[in-house]
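Dear colleague,

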Amino acid sequence: MQRRFKVILEKNESGGFTVTVPSLPGCVTQGVDRREALEHVQEAIEGFLEALVIEGLPIPSTDVEMDEVQVSY
């Protein structure tokens with residue numbers, strides 16, 4: 001089965017990226033650059049979903065919605 005998950009890439013202190021998956025709390029990884037971070041998060045998601053199946057837990061059926069807001073300060 002093919003699924004798509006939204007991921008958040010954030011620059012970290014070392015110049016690489018930390019990646020989180022909002023619809024899979026606790027699924028976090030990193031990479032030295034964007035390409036590596038995306039490769040690692042794909043592996044992390046696959047492992048996370050595999051663990052859910054092994055534990056008999058449901059795989060989330062919906063993904064998060066993301067948008068931006070503008071604020072003045």
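Against which strands do the buried residues of α1 pack? Before the answer, please keep in mind that this is a predicted model, and that every value given here was computed from it. The buried residues of α1 pack against β1 (8-11), β2 (17-20) and β3 (28-31).

To place these elements in the whole, the protein chain holds 1 helix and 3 strands, and when it is read along the sequence these follow the pattern β-β-β-α. The C-alpha atoms of the chain fill a box of roughly 45 × 30 × 20 Å, taken along the principal axes. Of the 73 residues in the chain, 22% are buried. Among contacts between residues at least 6 apart in sequence, 30% join residues at least 24 apart.

Helix α1 covers residues 34-55, which is 22 residues, and from its first C-alpha to its last it reaches 31 Å, close to the 32 Å expected at 1.5 Å a residue. Its buried residues are A37, V41, I45, L49 and L52. These lie on the same side of α1, because they cover an arc of only 105° around the axis. The face of α1 turned away from that buried side carries the exposed residues E43, E50, V53 and I54, so that charged and nonpolar residues are both found among them, since Glu counts as charged while Val and Ile count as nonpolar.

In the loop between β3 and α1 you will find D33. Is D33 buried or partly exposed? With a relative accessible area of 30%, D33 is partly exposed, because that class takes in values between the 20% under which a residue is buried and the 50% over which a residue is exposed. The C-alpha atoms of D33 and E43, which are 10 residues apart along the chain, are separated by 16 Å.

The last item is the largest pocket, which has a volume of about 490 Å³. It is lined by 13 residues, and R3, F5, Q42, I45 and E46 are those that lie nearest its centre. One of these, I45, is also among the buried residues of α1.

With best wishes

Key:
Residues numbered from 1 in each chain as written. Predicted model: local features only at pLDDT ≥ 70, side-chain atom pairs only at ≥ 80, totals over all residues. Heavy atoms only, no water. 1 Å grid on protein atoms, 1.4 Å probe; cavity = no way out; pocket = protein on both sides within 12 Å on 5 of 7 lines; lining within 4 Å. Points joined across faces, edges and corners; volume = space filled by probe spheres on them. Helix = DSSP H or I, 4+ residues; strand = E, 2+ residues; numbered from the N terminus. Expected span 1.5 Å × (residues − 1). Buried < 20%, exposed > 50% of the residue type's maximum accessible area, 1.4 Å probe, protein only. Arc of directions from axis to C-beta. Contact = heavy atoms within 4.5 Å.
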